[in-house]
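Please keep the sequence and the structure in view while reading.

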Amino acid sequence: MAEGLKKFIKSVRSSKTIAEERAVIRKESAKIRTSFRNVQLDDQTRKKNIQKLLYLYIMGEPTHFGQVECLKLVATPQFSNKRLGYLATMLLLDENQEVITLITNSLDNDINSTNQYIVSSALTTLGNIASPDMARDLYTVVEAHLDGNNAYLRKKAAIVAAKLIEKEPDLVEVFLPKVESLLDDKNHAVLLGGLQLARVIHETDSTSHSTLSEFVPKLLYHLKMLVTTGYSPEYDVGGVPDPFLCVSLLQTLTMLFESDHNCPHVEAYHDLLTQIASKIDTGKNSGNVVLYEAVRSIFRINPDSSLKILGVNILAKFLKSKDNNTRYVALNTLLSVLELEPQAVQRHRATIVACLQDGDISIRRRALELTFAIINKQNIRLLAKELLTFLQNSDTDLKPYVTTQFTLVAEQYAPNEKWFFENLITMLKYAGNYISPDVSSNIIGLTIQIKDRELVKFITAELFKASVEDQTQYGLNLITTWCVGEYGDLIEGSIPSAKIVQLLASFINFSSYDDESKNTHLIGYCLTACLKLSVRLTDPGSIEQLRQLLKSKTNDMDLEIQTRAMEYLQIFSQPLSIKKGILAKMPLPPMKEKQSISLMLTSDKKTQNKAKPVDSNDLLLDLLGEDVDTPTISNGNTKSVSTPENSLDLLSDIFGDKPNNNTPIPVNSAATPQVNKGNDLLLDDLLFSPSTSVAAPKVNVVVAFEDANLSVGFITVENGGGAASLEAHISNKGSNNISALSLLLAVPKSQKLQLSPISTTTLQAGGSALQTFKITGAEGSKIKLRAKLGYSSFLSNIDKQFSKAGILDEFESKAKLPRSYAVLGGASLYGFLVFLNIGGIGQLLSNIAGFVVPGYYSLKALETTGTKDDTELLTYWVVFAFLNVIEFWSKAILYWIPLYWFVKTIFLLWLVLPATKGSAVVYKSVIQPLAQKYVTNNNVSDDLLNKVNEAAKATSTGFEK
């Protein structure tokens, strides 16, 4: 380790405050950056800086500025530098960074090196950072080492080959033939690499299952030799012969037997599993690892009951271990296999319940969940006592889970109603502050459903006694208050009405829970109970006390309580007959469906065909070289217009779902024909259904984009079997023709897109176009489709020309119409005034139109380097001057040429507008033939030199841009 690194670490550790530590890190980072900028930096200094950079990486600091320097260190010939460079490369870079492509040549050279340690470092790096492109480029050098004689490198190459297949599944056909020779090797390291390669191929390519199944006898032989062979000092770990290879063999064999249930060697595998279970000692972790994998294999291949019982017994031995990790694994596994062999798990109930008292919180949590899972009608009484005892002394964060689950299992397996409610009341005594609103509502609902009045009386009385003893349990007091208000008449004979009122008064006046909402809720229940008891109790004094309790809350600071108290007082003063009708017994409420909950945040069970979460920025192809985060559409020759961020499920109606009404919709504007953010089409669960390909039912077109000009919709024609065929329907909604129509699509790199040409690129008013496409990929995966729409129309071109006119922005916002409407309206009014020529204004307006528009284009032409537009505009000004000279006799002209100023205005616009280019026509057909007779250009060489200079200047300007 360099002295500089030691000093840096010492400085960081000696910092007394975070600010001081940050200052040291910033200072050192700046020094490293400055050092990397030195083009003459030597390898030794670079090595020291990379060491410091790795320390910064460990501390979570930015290290991207040193990525290229890592690659430079890899390119050095010295092994110590290469080793550090490869380590830094694996830590600081990943396959998604473009700079990773620069290391391809170094990896290629080092993998072909004669030094096995250099080859090993290069192979390890390739396996960790390989991208699909890198996998395709370097798989040949990896394949060469699979055929070599060096066992160390063969193992490395096999593991790297498995990594490359994960990146590029098409490489399966290259590496599959190599598996047999790897599995024939007697070296355990090579065999481990071959097993990993076989598993990856099996998971990646379903067509390889039959080929891999042929290796089962070979794998069974290897496993048998491991189990039956005695002590081997070379591979022995804690008295177990090579547990790593044993576990790998078990995993591979189990995978092969899972995919081939008719394999003739399954009995031999069962025998081997039995031998492993009987011979391997559970005294050490190495043996426990092998036994655990054997248990997993037993329950994955689903053998006969005797083998399953053996697996459960092994897990029971784990439960008696002193190692916490071993016991946790056992509890976790028992929970997952309970459905397969419930009776065998039940035999170890005492051991499981004993784990509830364990000192490790993780073990207590798993034991608690397993205890609830094994409850049935036969053991509910015994386990309920254990769970209530645990609840009384359990951790605070576990009590909500226990109360919820206990209510569910007690309701399901209770031997009778009385036992059920007795235990619920005990639960409320122990953890009344931790029950959820759903649990309290459920208990009240179950109470209402009881038909036995004596049982209801017993429950209400027991709840009353429990609340009198302990008024700190919120859930208990809430349920007691409701039951007293509803069934107070049943307990009035056994409990004096004065005590009932006294309990309610204590809740109303002295409730002091930490959560203010609990106080409000309980007081609300108490007020309702007071009103109900006014028709259920018979003692007039108690009824008057109830009135006073209601009156005391009419001035409460809480508006809800105050309002309720005043409303209840109004009802309280009504005649008894009316009150009895209003305050009759509660009817049976609808009961919610109850579901058990889990303490685990994620499921331990393996999810099949679950697509991995991916970043859409990595998957979407950038078709037109634009930023993925700012999708745009092309509008003829106009600039692309950014759109609001938006995502729309185009095919939601196929599954009965409606699009979200909150989804932003593009503004109907011809100037900015916007689409949703790249039209990201979330075709979840549509494309790759595991079922065979069948024709999809007829569906309506789902509109994905719509503006004043176009409407774009998608429908599915066929889906399933890893493929989906779709159609895009594009309709012209406006009255103008649309040209240059295009619809470009992109899919993630993991799928393939077949896009047919659009049926037409020009749409008449009311016309439509069709474009079909097909997407293929792996079954069960989800795709994201990005669409890019481009078109040009007359109105949209006008919108673009006047896009910077601020006054038109105000028109668009107020009138909710495109600015082209205002432009065309103003032009029509202008032309109408020229046409009428009121008071001779036609001449003025014609000359203004003939000067303003050409003047605008002339100013733009002065900023360009070419001469083409100069020639056109010079021609126009010649014609314009000629017409102004002729107009000296305007009265005679108006006499002989009606509507002269209107015709002149149209003629001038025809001359100057870029769309018509009339000035070029006049120049070539009239002016040029006449000018050639009188104007000649004798200096041809100067003219040629000027053209060359103009071309060179235009080229250099293009490079500068």
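H28 and H30 are roughly parallel to each other, because their angle is under 35 degrees. The model is predicted: local features need pLDDT of at least 70, side-chain atom pairs count only at pLDDT 80 or more, and totals for chains, interfaces and linings use all residues. Residues are numbered from 1 along each chain as its sequence is written, and side-chain values use heavy atoms, with hydrogens and water left out.

The table gives two helix pairs. Axes are lines fitted to C-alpha atoms, for helices over the stretch in contact, and angles run from 0 to 180 degrees between N-to-C directions. Helices (H or I, at least four residues) and strands (E, at least two) are DSSP runs, numbered from the N terminus.

| Helix pair | Angle | Axes apart |
|---|---|---|
| H28 (residues 474–491) and H30 (residues 516–536) | about 15° | 7 Å |
| H14 (residues 216–228) and H15 (residues 243–259) | about 150° | 10 Å |

The angle of H14 and H15 makes them roughly antiparallel (over 145 degrees). Their crossing is left-handed, which is the term used if the near helix is turned anticlockwise from the far one by less than a right angle. H28 also passes H30 in a left-handed crossing.

Contact means heavy atoms within 4.5 Å. Among the residues of H28 that meet H30 are Tyr-474, Leu-478 and Trp-482, and those of H30 include Leu-522, Tyr-525 and Arg-536. By class, this contact of H28 with H30 has nine nonpolar, five polar and five charged residues. Here Ala, Val, Leu, Ile, Met, Phe, Trp, Tyr, Cys and Pro count as nonpolar, Asp, Glu, Lys and Arg as charged, and the others, Gly among them, as polar. In the other pair, the contact is made by residues including Leu-219 and Leu-223 of H14 and Leu-249 and Phe-257 of H15. That contact of H14 with H15 has twelve nonpolar, two polar and no charged residues.

Asp-242 lies in the loop between strand E2 (240–241) and H15. It is not a glycine, yet has a positive phi of about 45°. Most residues other than glycine have a negative phi. Asp-242 counts as buried (under 20% relative accessible area) because its relative accessibility is 6%.

In helix H6 (residues 104–111), Thr-104, Ser-106, Leu-107, Asp-110 and Ile-111 are buried. Seen down the axis of H6, these residues fall within an arc of 165° (taken from the directions from the helix axis to the C-beta atoms), so they line one face. On the other side of H6, Asn-105 and Asn-109 are exposed (over 50%).

Key. Angles under 35 degrees count as roughly parallel, over 145 as roughly antiparallel, 65 to 115 as roughly perpendicular and the rest as oblique. Buried means under 20% relative accessible area, exposed over 50%, partly exposed in between (1.4 Å probe, protein chains only).
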